[in-house]
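Hi everyone, thanks for coming. I'd like to walk you through one model today, so please have the sequence and the picture open while I talk.

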Amino acid sequence: MNKIGIVLVSHVYEIAFGLQRLIKEVAPDVPITLAAGLEDNGIGTNAETLVTAFEENQGQILFAFYDLGSAKMNLELAEELTDKTVHLFDTALIESAYTAAALLQVAASEQEIIKQLTALKIK
């Protein structure tokens with residue numbers, strides 16, 4: 001099976017970096033890349049940074065988690081620019097990314113993780 005990775009997308013670098021630190025405590029073997037903040041340390045996201053995060057991630061299947069709506073727009077654009085399979089989750093960033101990573105660490109299947117995360121969808 002292809003290795004699954006996680007991409008954390010936030011408008012603020014420190015949020016994504018802190019979440020990555022938290023996740024690595026429970027899931028040290030899960031590949032995680034960040035697409036957070038702007039080059040000038042400003043608040044925001046952009047598709048170019050997302051494509052880089054997709055390509056740098058060791059996973060061929062990516063679970064992408066984001067904080068705000070404009071990040072979702074950039075994720076959808078970046079998804080069109082990669083050959084990797086990207087699952088975009090409309091779920092609470094911290095809780096769902098942590099849950100996915102913990103399940104990946106114990107080798108849960110892609111389908112099982114998607115099923116569990118679907119229950120966390122924000123409506």
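Let me start with a question: in which helix is N74 found? N74 is in helix 3, which covers residues 69-79. When I say helix, I mean a DSSP run of H or I with at least four residues, and a strand is a DSSP run of E with at least two, both numbered from the N terminus. N74 is buried, with a relative accessible area of 18%. Buried here means under 20% relative accessible area, exposed means over 50%, and partly exposed is in between, using a 1.4 Å probe and protein chains only.

A word on what you are looking at. This is a predicted model, in which local features need pLDDT of at least 70 and side-chain atom pairs count only at pLDDT 80 or more, while totals for chains, interfaces and linings use all residues. Residues are numbered from 1 along each chain as its sequence is written, and side-chain values use heavy atoms, with hydrogens and water left out.

What does the UniProt record say? An unreviewed UniProt entry carries the annotation "domain: PTS EIIA type-4" for residues 3-123. Positions from UniProt are in the numbering used here, feature names are shortened, and annotations may be inferred rather than shown by experiment. Over residues 3-123, the end C-alpha atoms lie 29 Å apart, and the span is 47% helix and 19% strand.

Four strands form an open sheet in the order 2-1-3-4, and the pairing is parallel. Strand 2 and strand 4 (85-89) stand at the edges with a single partner strand each, so one side of each has no neighbour in the sheet. On average, neighbouring strands of this sheet are turned by 25 degrees against each other, direction ignored; axes are lines fitted to C-alpha atoms, for helices over the stretch in contact, and angles run from 0 to 180 degrees between N-to-C directions. Two strands count as paired if DSSP finds at least two bridges between them.

Let's look at strand 1, residues 4-10. Seven of its seven residues are buried, so strand 1 is largely enclosed by the rest of the structure. On one side you have I4, I6, L8 and S10, on the other G5, V7 and V9, and all are buried.

Who are the partners of strand 1? Six bridges join strand 1 to strand 3 (residues 61-66), running parallel. Across that pairing, I6 stands opposite F63 and L8 stands opposite F65. Five bridges join strand 1 to strand 2 (residues 32-36), again parallel. There, L8 stands opposite L34 and V9 stands opposite A35.

Strand 2 is mostly covered too, with five of its five residues buried. I32, L34 and A36 are on one side, with T33 and A35 on the other.

Next, the connection. Strand 1, helix 1 (residues 13-26) and strand 2 make a right-handed β-α-β unit. Right-handed means that, with the strands pointing away from the viewer, the path from the first strand over the helix to the second runs clockwise.

On to helix packing. The axes of helix 1 and helix 4 come within 9 Å and cross at roughly 30 degrees. Helix 1 and helix 4 are therefore roughly parallel to each other; angles under 35 degrees count as roughly parallel, over 145 as roughly antiparallel, 65 to 115 as roughly perpendicular and the rest as oblique. Helix 4 (residues 93-105) also packs with helix 5 (residues 110-118), at about 155 degrees with the axes 10 Å apart. That makes helix 4 roughly antiparallel to helix 5.

N41, in the loop between strand 2 and helix 2 (47-56), has a positive phi of about 70 degrees although it is not a glycine. N41 is exposed, at 60% relative accessibility. A107, in the loop between helix 4 and helix 5, has a positive phi of about 65 degrees and is not a glycine either. A107 is exposed, with a relative accessible area of 65%.
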